[in-house]
Amino acid sequence: MAENGVHDSQLLKGVLSLALLRLLAERESYGYELVTRLHELGLTEVQDGSVYPALGRLERDGQVTSRLVASSSGAARKYYRLSAGGYAELTHIGLAWQSLVRALDPILSKPVPAKPKEALP
Amino acid sequence: MNQVALTKKDRARIELAVQAVDWKLNGRVPRARRRQVLNELRGNLIEAAEQVGAENAVRQLGDVKALASSYLELYRGRFDFRAAAFWSFLMYAAIQILGLALFFAFRAGVAAGGAHGASYSFELWPGFGPFAGKVSASGNTFEVLIGSPAHILLVMLAFIVGGAYRSVFARRRA
């Protein structure tokens, strides 16, 4: 999470699939439930409208499967669960993400100088 | 969290958002898939509305056009009926404009030739079209083809090519 609690929307978009796969690895969920779970984690900028197509994309790519379950609100809920391919993808992206964080952390953790050094002639 | 009972107004607000998405998918996404997508969206919106109110639920959805574009990108069918209709209309309009231009040129030719009496007609591929016209020497008769076998053939061709070219190009790129 950023220090002021605000996340860059482009960054979020890039890691949304990873977050969804990770949440689905814990338990099967439907669209709105996943949105609320993301919000509870502090990712309040994630809009419902970006989560629903992302789930569709994961399903198209075979990383999740779905089933319809009747609900009290009327319309049936579409529950998503991780497939074998999804587990493999989660492991793969998870490792890639951790590697990226490790690579960037030494640079980003340094204090930012007031003025960049000039190139030597 | 407390559940909010939905009013007719809430349901109308939700349906409006669903229909806004449907407007962009209609004719472009296969019907069965479209129904699935809209049912899921409607279900999620109802769930959200029961938690945070319909207005907030729709607001949380974000840009509805962007959402519809995402769905379109994901589920676009092989044939785009909207594009097909657009291109066939454009083809018909182009034939008619060209036909009228030919007709006026022919009429100007008749007038410049100093013809009088009788009427003069021109036709490309008699009985097939698409261009044919008739003009009297006095310029009072005004006739030009509005439909012919060639019209039908060209409009059908535009319909097929216009509706399918995107998926053909997408397959080539892939």
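Modeller: Before we start, a word on terms: two residues are in contact if their C-beta atoms, placed from the backbone, lie within 7 Å. Also, keep in mind that this is a predicted model.

Biologist: Okay, how many residues of chain B are in contact with chain A?
Modeller: On the chain A side, 17 residues take part. Their partners in chain B number 19.

Biologist: Which element gives the most to the side of chain B that touches chain A?
Modeller: Two elements of chain B give two or more residues to that side: α4 (64-75) and α2 (31-52). The top giver, with 10 residues, is α2(B).

Biologist: And by class, how many charged residues does that side of chain B have?
Modeller: Sorted by class, that side has 8 nonpolar and 6 polar residues. The charged ones number 5.

Biologist: Staying with chain B, how far apart are the end C-alpha atoms of helix α5?
Modeller: Helix α5 of chain B covers residues 81-112, which is 32 residues. At 1.5 Å a residue it should span 46 Å, and the model agrees with that: the end C-alpha atoms are apart by 46 Å.

Biologist: Which residues of α5(B) are buried?
Modeller: For background, an α-helix has 3.6 residues a turn, so residues three or four places apart point the same way. To count as buried, a residue needs 20 or more other C-beta atoms within 10 Å of its own. In α5(B) the ones that pass are B:A84, B:W87, B:S88, B:I95, B:G99, B:F103, B:R107 and B:V110.

Biologist: Over to chain A: what pattern does it follow along the sequence?
Modeller: Chain A has 4 helices and 3 strands. Read in sequence order, they give α-β-α-α-β-β-α.

Biologist: What radius of gyration does chain A have?
Modeller: A compact globule of 121 residues would come in near 14 Å. The C-alpha trace of chain A spans about 70 × 30 × 20 Å along its principal axes, and 24% of its residues count as buried. The radius of gyration of chain A is 18 Å.

Biologist: Is A:G42 buried or exposed?
Modeller: A:G42 is in the loop between α2 (31-40) and α3 (48-60) of chain A. It has 11 C-beta neighbours inside 10 Å, and the cut-off for exposed is 12 or fewer. So A:G42 counts as exposed.

Biologist: What separates the C-alpha atoms of A:G42 and A:I107?
Modeller: Along the chain, A:G42 and A:I107 are 65 residues apart.

Note on methods:
Residues numbered from 1 in each chain as written. Chains lettered and ligands numbered in written order. Predicted model: local features only at pLDDT ≥ 70, side-chain atom pairs only at ≥ 80, totals over all residues. Rg over C-alpha atoms; globule rule 2.2 N^0.38 Å. Nonpolar A, V, L, I, M, F, W, Y, C, P; charged D, E, K, R; others polar. Expected span 1.5 Å × (residues − 1).
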